[in-house]
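Colleague: Please take a close look at one part of this model for me. I would like the metal site, and then the strand region, described in one connected answer.

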Amino acid sequence: MTNPFSLREWRHNPCLMSPLTLTGFILLCLLWLFTMILKFPTFLLGLFLQPLTNRMGFIVEFLYPLSIGRWVHFYIMRLAMRARRLDKSHGYHSRAIEQRLAVVEQRIYVHALPQFMDNLGYLIVSVPTAASGNILAVVIDCGDAEAVTRQIYFISERHYRKRRIQVVSILSTHKHHDHTAGNRALQNQFKDTLKHIMGGAVEKVPCCNYTLVNGQIIPLPADDSNDMNAFIEIEAVATPGHTRGSLAYVLRPKVPTSSSMSALLFTGDTVFSGGSGVPFEADIDTNQETKANKMTADSLLRTSAAGYAMERCFAELLHRCVSHLQMPRETADRIIVLPGHEYTTDLLARQWSQPNDACRWKLFSPAVFFEVASHFYVGNHRRNLPSNNGNLLIAPSPLSREVLINPGLRSLLRRGVLVLNHLNQWHNHFAVRKVPEAVTGAFGVNASPSHLRHRRSRASNPQSTEKQWNINGNDLSRPVFTTVYATDLEALMHDLEKNRVTGPVAAARLEQMVLALQQPNVGRRPIPSSLPSSNAVYKGLLGFALLGSAPNALSLSDSVAMKLPAPVKHSDALLVSKSRLIAVLYWLGLLNEENEGQRTIRILEQLWWECSKYESLLKYDLEEAGTQVRDTIQLGTLKWLVYGVPTLRPAGLFCMPCKRPEPMQDVRDHPIVQCGLKREQGELVRHDMYSCPLCIGATGQLIQNFEQINGSMRINSVSFEVAPLEVSRED
Ligand SMILES: [Zn+2]
Ligand SMILES: [Zn+2]
Ligand SMILES: [Zn+2]
């Protein structure tokens, strides 16, 4: 017989109120009460004021910085570690010590400092010219002081001949314990040298003795023989969303280097390689994209809610990564993203498994697909190396890759394409002065699928016609993604061998193949001679707002403390900046030479000129009218000039809830009425199954009566011209 009072029996007692759980519960309650009593007045005030703010996370935000919060955080982390069968000594990346990024050769290096299971801190090291000088260093994010100290020792042994590395300051990206818990211990470790522990002004970073605001240039360590400030600058960029005071740090070399880096972005938990952080403290909003599909032109935009807040942080980082954008010179592969966690493979795996809105494969180009697939493969390979070999880092990743693999950036890209579409439409129909066409055909519209142009006919196969698809075994067994673009290449090599093409022609064809990779196989374009539908107006405005307006603070007090724009109640009052829009579109790759970037910029300038003039007229500021082009204009002005949708007078605080707000402008004043265009629902979907490389296995190889699908067609009872497709047939 077993003893009913043994501890073992209690533990297996299914009853919830067994004495042991009860004692634990009471202890937890006492602990809670104790913390409450200590900070009770603040807590009570915050709790009562909570409904006035949009954010509901007050209790968590209040409890989190306390020791109980830290304990809970680390307990959850330990559980996750156990679930993945990892112990503390075996992180994902045991060979990070060997690696260093040369920012300025011989002078500035960046090392990764893996901590815990998947956290990444960084060490920025400045090496003096004199052999006797001190090596100064800055640590970004110290969650585990022991791991950081140990790695600094090994780094000095391996790279700097055991010279002592003096840590002078710690930059914390945000308050979460996995990024800050080691601050105090590291301070004790480097007592004689460590001067500053820096963090956001509204962030409760432990031991913080130097608060930072948005846009602040951070003072870097310097002594007689070694001045870090001479080579690099680090700017704090506020990215409210993951936490309200989150900061990203942008490192820019000040001297010309051969290291091929324009900027390093230390993004903390805002941007990861292949994804974005959880917007814990942004405004609450669920299922935004589903809601966005039901919104109309008059709906208010909630740009600081959840996912939108994160997208704005992404855009902010793109805008701020270089201080002065020099267009063709700076390219996206010179911007390096250094995230706060090594989540790459998990985030990429999620993209395969969750068919969410940002991952609608059908809308993306083969280039995106290839990049995600290959990076996923590379990541898994590096994480599963033989254990005696050690694991390698995946994370630091150039922006050029992130634009393809990161759903947040891809979402921005989609919005950018929509904005450009609407810009062109505005320019074609309503602009007072037209921008001359440098090259025929506006961006994105009527571009014939370029992969078609050099596809060779294969006369030996039974040919398909539009009505009759003759498919043979070769068509069915065609492994699409590995060969579709390879066949083009083979054909080109064949032609070169036979001297059928000249060098320049071959080069042009090669370029076409690269372009074809970037073309989505299913494209969308607005129905010609119609205006965007009401929902498309909403989405276009959302695009203008997310790409072109600075992220605002999540509360009024935050905006003062962090020097951020205050939250905007009425979205028509959002300020959209032209330079920001241009920078973001540029980094997303939408202003290249191929897609007539210069012309798009001219169109934007024209639009801003007209908007500034309109805004000056509104304010009866006639002197200013037409003389000065502002950089920022209100979203409401864009809404009126681009879409002809009047802005609504903001509702007063005490007005009757049933009274509809009146529009500020009269629709009859807009050229919309004269031009006779109508608002249509939706867009045309462009997919030509006879030429699509992915569908060719189902339709057969060559369309004899190709001309049949050219010429006039009627879709949705709107007549439009299909762009003539050029097919060069050498045979
Ligand atoms: Zn975090
Ligand atoms: Zn974190
Ligand atoms: Zn297809």
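Modeller: Asp269 bridges the zinc ion (ligand 2) and the zinc ion (ligand 1), and the two ions lie 3.4 Å apart. This is a predicted model.

Take the zinc ion (ligand 2) in detail. Its donors are Asp178 (OD), His179 (NE2), Asp269 (OD) and His341 (NE2), at 2.0 to 2.6 Å. Along the sequence these donor residues are spaced D-H-x89-D-x71-H. Two of them link distant parts of the chain: His179 sits in helix H7 (residues 177-180), while His341 sits in the loop between strand E15 (335-339) and helix H11 (344-353). The two histidines are 162 residues apart. Both His179 and His341 are buried. The arrangement around the zinc ion (ligand 2) is irregular, because its 4 donor atoms subtend angles of 84 to 154 degrees. For four tetrahedral donors the ideal angle is 109.5 degrees.

Now the zinc ion (ligand 1). His174 (NE2), His176 (ND1), His242 (NE2) and Asp269 (OD) coordinate the zinc ion (ligand 1) at 2.1 to 2.2 Å. The spacing of these donors along the chain is H-x1-H-x65-H-x26-D. Here the 4 donor atoms subtend angles of 93 to 164 degrees, so this arrangement is irregular too. What about burial? His174 has a relative accessible area of 1%, so His174 is buried. His176 is buried as well, at 8%.

Next, the strand region. Strand E4 (residues 135-140) is mostly covered, with 6 of its 6 residues buried. In a regular strand the side chains alternate between the two faces of the sheet. In E4, Ile135, Ala137 and Val139 point one way. Leu136, Val138 and Ile140 point the other way. Residues of both sets are buried.

E4 has partners in two senses. With strand E3 (residues 119-126), E4 pairs in the antiparallel sense over 5 bridges. There, Ile124 stands opposite Val138 in E4. With strand E5 (residues 165-171), E4 runs parallel, joined by 6 bridges. Val167 in E5 is the bridge partner of Ala137.

How values were computed: Residues numbered from 1 in each chain as written. Chains lettered and ligands numbered in written order. Predicted model: local features only at pLDDT ≥ 70, side-chain atom pairs only at ≥ 80, totals over all residues. Heavy atoms only, no water. Donors = N, O, S within 2.8 Å, 3.2 Å for Na, K, Ca; no water. Tetrahedral: all angles 85-135°; square planar, octahedral: opposite > 155°, others 65-115°. Helix = DSSP H or I, 4+ residues; strand = E, 2+ residues; numbered from the N terminus. Buried < 20%, exposed > 50% of the residue type's maximum accessible area, 1.4 Å probe, protein only. Pairing = 2+ DSSP bridges.
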